[in-house]
Amino acid sequence: MLGETRGQFLTRVRKALTHRGKPVDLPADVEIARVIRSDEDLAQVFMTRAEEAKIHVYRVADEDAMVDKVIELLVATRATSTMVPVVETFPARDRLVTRIQEQGIVLCDTDDPEASFSADVGITDVRAAIAETGSMCIASGGGRRRLASLAVPCHIAIVRAEQIVPDLIDWTSSLGNDLAASEVLVSGPSKTADIELLLVMGVHGPKVEHVILIG
Amino acid sequence: MSAGRAGQREFKPDFKRKAALAVHDKHLRETFDRCTRRQDVGRRAALPELGDPLAVRNLAARIKNHTLQNLDRYLEQLIDNVEKLGGQVHFAETGEQACAIVTDIARRTGSKSIVKGKSMVSEEIELDDALEAAGLDVVETDLGEYILQLSREKPCHIVTPAIHMTKEGVGRLFAEKLGIDYTNDPESLTAAARTVLREKFQHADMGMTGANFAVAETGSICIVTNEGNGRFCSSRPRVLVTMMGIEKVIPRMKDLSVFLKLLSKSATGQRMTCYTSLINGPKRPDDFDGPEEFHLVIIDKNRTKILASDYRETLRCIRCGACLNACPVYRTIGGHTYESVYPGPIGKLITPMLRCLETYEHLPQASTLCHACFEACPARIDTPRMLIEMRYELRKRGRMPWLYRIGFKFWRIGMNSKFLYHWGAKFYHWSMDLFAREGWHRRLFGPAAEWTNQRDFPALADRPFHDRWAKLEAELDAMERQTKEK
Amino acid sequence: MIDAGFACFFGSELSRMNVSLFVTCLTDLFYPDVAESVVRVLSRLGHKVDFPASQTCCGQPALNSGFLDEARAIAVRMMDVFESAETVVTPSASCCSIVREYYPYLTKDDPVLHARAQAMADKTFEFVEFLEKKLQVDWSAWNLSYPAVATYHYSCHNRGIGITDEAVKLLCKFKDLDYRQLEKMEQCCGFGGTFSVKFGDISGALVRDKVKCIKETGAKLLVVNDGGCAMNIVGQCKREGYEIEAKHIAQLLDEAMQRCEVPTSEVCR
C-alpha cells in the first residue's frame, strides 16, 4: 500500500477537527455575488463581454444566416480543412456540411483522433453560454470531439440566444445532475503573459475564437 | 517536522543575504515592481464589477470557514462522488507517498511520457524530480513552468512563475535547450514552446493537473488556465492524474461560481481566465475522447496540522497571488528570496507550517504589517494578525534574540510607569541626543546601527508634549474665558 | 501661539464634546508640535480637550514584535488611563488601529477586560477620521489656506481603521495648496517598527523608493500623518541631502485656522 487507506486519511482529518470552532453555517444561496440578472438583455450583455474578452461575435437571425456566416469566416480564414460537428442536434448540420464541401474545403475525418491537430478550423455547438463573462460552455458527450475546440487555431462556436444564462451562478445550476465528463468555459482565445507579462495570443488553444449567435 | 525526503541535507535558508542581494539587483527590482503593480491595479479595476466586492469576499470566507470546519465530511462526499463518476481516489499523508502513488500509476498504466499542468502542490512535493528519477519523461506544459523546467529554477510567483526572466534570458535558454535560433521576441519564443509541447500533448501517455477547486457535491475538479494546456492534459492522454491538497474542497457547485468570480479578478484583473475546465471523472462509454482512467491524489502534507492550529484560516487561500502583488516586501525582494514554493504574505505563514517553524522563523518576521495583503485577499485571510501570532509563538519557544527579550522586559517596566517613561526619555535625550547634529543622528550603535546604515535618526524634541501640556491647557482656558466674556 | 480664533466655545455648547488626547509615545517625544496642533484644532472646533497625563505607550512595539504578554500589560494600563474618557483622539493611525483591532484581541481570554477593551476601541478615533467621519466638519466656513506644493503619504495603518482618501480630500480643501499625487502613495514606507532594524536592507530599499517618488512630485511639503512614517521618510531625505518639510495635517489645519479671518458668529455652528 503506497499511500494511506481512505479510513486512515479521514481519521487524521477528523482528529485535526477535534476543535471545529464556533459553527459557521453555509449560506443557502450565493445571490449576493450575482452580477447579471435574468431581466437584463442577455444577448447584448453576452456580446459585449465576449467582445471584451476578444471573442468575435456575429449575431444572425436564423440557421440559414448562420451557415452563410460560417462559410464567410472559413473563406476569410483561408481554411483548407475543418472539423465539423458530429452531433445530429447541431443546427442545420447537413446544410452546413454541404456548403463547406461546395467551397472545396476538406472535411476532416472526425473518427481520426489526430484530425484536430491538422485542421485549420473547428466548428462546434455549445451546451450553454454565460452573459456575465461572455463565455461559451462546451461539454463533452454525445460523441463530441473535445479537441475540435482546442487543438485547432481557429474555433467557431454556434450559440443559440436561448442558451445564454445570465450569471455564473445560473451556469452552475444549469449543469444539472447529469454531468458530462468534461465541461469547459471558453472565455477568450488562448493566451499567455508568462514572459515579462507581455501578451502573446494563441498558445495551445485556438488563437481566434468566433461565436455565431442565432436569434 | 523536517522537510523533503529522507537523506536530504537539512536546508538552511539564507534570507537576509539573499534579500540584500535582491535589493541591489536593479533588473529584479524594476521587474517585480512593474509586474506586481500591474496585476494589483488590474485587481482593483476588476473587482468593483461585483457590485459589493467586500460582501462577496466575506461570502467566500464564510463558505471556506464552513468547509474547513467540516472538512472530513466534505472530503468524504467528494471521494464518494469522484468514485461514482468512475474515478479512483488515492490518499497521501506525505509528499513521498504522493510521489510513490503517481509513479506507481504510471508504471501500472504503462505510461512513459507525462504532460503536466500547473500544480503548486506538486512543486511542494518535488514530484518532477521523483518521476524523472523513475525514468519517466515529464514535461511542464504551462509556459512559465516549462521555462523553469528548462532552466532548472524554482517559481518566483504563484501565478506568473517566470517573470524574473527577461525575454533575452528566455531567448538564450531556448536557443540552448531547444536548438532554435536566438530570438527575444515573445511571440516566436511562445511559438517554439508550442511546437515542442504540442507534439508532447499529441503523444503523451499520462496527463497531470492540479486542482483549483474540488466540488464535493458532484465530484468535479475545476482547473483554470489561459493557455489551454490544462485542457490538453485532461483530455488527450489516456490516463489523467489530478493532485490536490485537502483544502481545495468546496461544498457545492454554486459555491464554485463565487470563487470563479473572485479568482482571476484578484489574480490579474481578468474577468475570467480563458479556460475553466470541469473534470467529471474519466470519459464515458460513448465519449469519443477523454482519459480512460482518472486518478485523484488527495494530499495532506501537514495541512491537517494547519487545520488543527490557530492558522486554519490560511487554508482558505485560493492561490490567486493577490497578496504577493500587493506586498511591498515581495515587490522589493522578489519570490526567490523566500526560498519556498509559496512566497509572499501567504508564504510567510504557510511555509513555516508546511515545513518547519524554526527553519523559517525569519519569514513571519519579515513583514511591516502594512495590511496590504489583508486588503487584497479575496478570502479575507487576516495575515497580519497571524504573523503577530506566529511571532508570539517564536517568542514563546525562545527563538527571539536575547536582546529583544531583555529589551522588552525593560520596555514594559518603563512604560508601566509615568515616572520612568518621563525620566527615561529625559535621560535618553540628555545623553544620546548630545551626539545629534542639527537634530539628527547619522550613526547609532548596536542593533540601532541597522537604522542608521540606511538613514538618519531624529533626536527627541527638546520639550516633549507631556511637559508642554500645563502651559497649553492654561492658554486654552484663558482663551475660553476671553471668548465667553465677548 | 494661540490667537483669538476660539470662536466656537461660545456658540456650540450643545455639540461640544469632551475629547481626551492620546498623544502616542512617538508624537509625545519626537513631534510634540503635532500634538499641540491637534489640541488647538479640536479646541477651535469647539471641543474640550484634556490630556490624561499618566499615558505612556499603546503597546505597539511589543505587539508587533510578538511580545504579546508585555503588550497586553501595557494595553491594560492604557485602558485604565482612559477609563473615564468619553472620546479618545490620537494623531497616529497605527496606534489607533492597535487600540481598535488588538486591544479586544489581547484581552479575549478575560471577559471583563475584553469588554473594557471593546469599550475603549469603540470610543477611540484617529484625528482625520474624527474630523471627517465622526464630526463631519464643514470646512467651508474656515476658508482654509496653505500655500505650498505638497504631496501625501498614505500611512499603512489607515487600512486597519477604514480611512481611504479622507486626508487627500481634506488637503484639497486648502486653497493655494498645490497637491501632487504621490506615485505608489499607498505603498508602505518600510518602517514597520522593529522591521526597520531587523531587515534593514529591505526597509532601506522601501524608504529610498518612497523618497524617489516624493522627489518626482517636486513637492516641498510632505503631509504624513504618522510619527513612525515621518521619522523614517524624513530620516532618509536627510541622508540624501534632500530638503523637504514634513507636517501632520493637524499642523496645516492649525496654521490655516489661526489665519482665518471669518467673524465669530459665522464660524459657530
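Predicted model: local features only at pLDDT ≥ 70, side-chain atom pairs only at ≥ 80, totals over all residues.
Two strands count as paired here if DSSP finds at least two bridges between them, and strands themselves are DSSP runs of E of at least two residues, just as helices are runs of H or I of at least four, both numbered from the N terminus.

Residues are numbered from 1 along each chain as its sequence is written, and chains are lettered from A and ligands numbered from 1 in the order in which they are written.

Back to chain A, then. Strand E7 (residues 154-160) and strand E12 (residues 208-214) of chain A run parallel and are joined by seven bridges. They belong to an open sheet of six strands in chain A, ordered E1-E12-E7-E4-E2-E3, with parallel pairing. Which strands form the edges? Strand E1 (56-60) and strand E3 (106-107) of chain A do, each pairing on one side only.

Helix H3 (residues 63-77) of chain A lies across E1, strand E2 (81-83), strand E4 (121-125), E7 and E12 of that chain, and runs at about 165° to E12(A); here axes are lines fitted to C-alpha atoms, for helices over the stretch in contact, and angles run from 0 to 180 degrees between N-to-C directions. Contact, throughout this talk, requires the C-beta atoms of two residues, placed from the backbone, to lie within 7 Å.

For chain A as a whole, there are six helices and 12 strands, and its C-alpha atoms fill a box of roughly 70 × 50 × 45 Å along the principal axes. Of its 215 residues, 52% count as buried, where buried means 20 or more other C-beta atoms within 10 Å of a residue's own, exposed means 12 or fewer, and partly exposed is in between, with C-beta atoms placed from the backbone. Among contacts in chain A between residues at least 6 apart in sequence, 77% join residues at least 24 apart.

Turning to how the chains meet, two pairs of chains touch, and the most contacts are between chains A and B. Chains A and C do not touch, their nearest C-alpha atoms being 15 Å apart.

The contact between chains B and C draws 57 residues from chain B and 61 residues from chain C. On the chain B side, the elements that each supply at least two residues include helix H1 (15-23), helix H15 (328-333) and helix H22 (465-485), and H22(B) gives the largest share, 12 residues. By class, the chain B side divides into 33 nonpolar, 11 polar and 13 charged residues, with Ala, Val, Leu, Ile, Met, Phe, Trp, Tyr, Cys and Pro taken as nonpolar, Asp, Glu, Lys and Arg as charged, and the others, Gly among them, as polar.

Chain B is divided into domain 1 (15-305) and domain 2 (402-485), with bounds that come from an automatic or database domain assignment, and the C-alpha centres of these two domains lie 53 Å apart. Within chain B, B:Arg38 is found in helix H2 (residues 26-46). Is B:Arg38 buried, exposed or partly exposed? B:Arg38 is partly exposed, because 15 other C-beta atoms lie within 10 Å.

Chain C has domain 1 (8-133) and domain 2 (139-248), whose C-alpha centres lie 22 Å apart. Their contact takes 24 residues from domain 1 and 18 residues from domain 2, and on the domain 1 side H6(C) gives the largest share, six residues.

In chain C, strand E1 (residues 18-21) pairs with strand E3 (residues 87-90) in the parallel sense over three bridges, and E3(C) is joined by three bridges to strand E4 (residues 124-126), again running parallel. C:Val89 stands opposite C:Leu21 and also opposite C:Phe125 in E4(C).

Leaving out residues up to four places away in sequence, B:Phe259 touches B:Ala60, B:Phe213, B:Ile250 and B:Ile318.
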